[in-house]
Amino acid sequence: HSFPTRRSSDLLYDREERSLFIKPDMIYLKLRETYYFQPVITGAADQRVRWRIKEAEGGSVDENGMYTAPHIPGIYEVIAESAAYQELQASAFVVVKE
């Protein structure tokens with residue numbers, strides 16, 4: 001029999017369900033305050049994530065998960081997406097108060 005060749009790192013992760021979540025998943029910040037979100041990926045060798053904010057006025061987030069709150073109070077959704085697995089994404093909510 002010939003089997004397709006596979007990297008050992010792939011075999012390691014086959015038994016575990018892939019998941020992505022953000023720590024913490026909800027925080028309270030003041031206007032323009034910054035906070036570092038931590039993505040947690042299980043079951044996948046590739047740990048890279050892309051960050052974005054759902055709302056246009058929801059502040060900013062850099063490629064490392066460093067979030068800066070906007071100057072407008074509200075509730076904003078920060079989204080992390082796995083760079084390797086499109087189906088993996090998670091949300092965290094930021095309550096921004098004056």
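In which sense do strand 2 and strand 9 pair, and over how many bridges? The views below, taken from a predicted model, begin with this pairing.

**View 1. Pairing of strand 2 with strand 9.** The two strands run in the parallel sense and share 5 bridges, with strand 9 covering residues 89–97. Isoleucine 27 has valine 94 of strand 9 as its bridge partner. Strands are DSSP runs of E with at least two residues, numbered from the N terminus, and two of them pair if DSSP finds at least two bridges between them.

**View 2. A cluster of aromatic rings.** Ring pairs join Tyr35, Phe37, Trp51 and Tyr67. Rings of Phe, Tyr and Trp (its six-membered ring) pair if their centres lie within 6.5 Å; planes under 30 degrees apart count as stacked, over 60 as edge-to-face and the rest as tilted. The structure holds 3 aromatic pairs.

**View 3. Arginine 18 over the face of tyrosine 85.** Arginine 18 lies 3.8 Å from the ring centre. A charge sits over a ring if NZ of Lys or CZ of Arg is within 6 Å of the ring centre and within 35 degrees of the ring normal.

Residues are numbered from 1 along each chain as its sequence is written. Local features need pLDDT of at least 70, side-chain atom pairs count only at pLDDT 80 or more, and totals for chains, interfaces and linings use all residues, while side-chain values use heavy atoms, without hydrogens and water.

Technical notes
Helix = DSSP H or I, 4+ residues; strand = E, 2+ residues; numbered from the N terminus.
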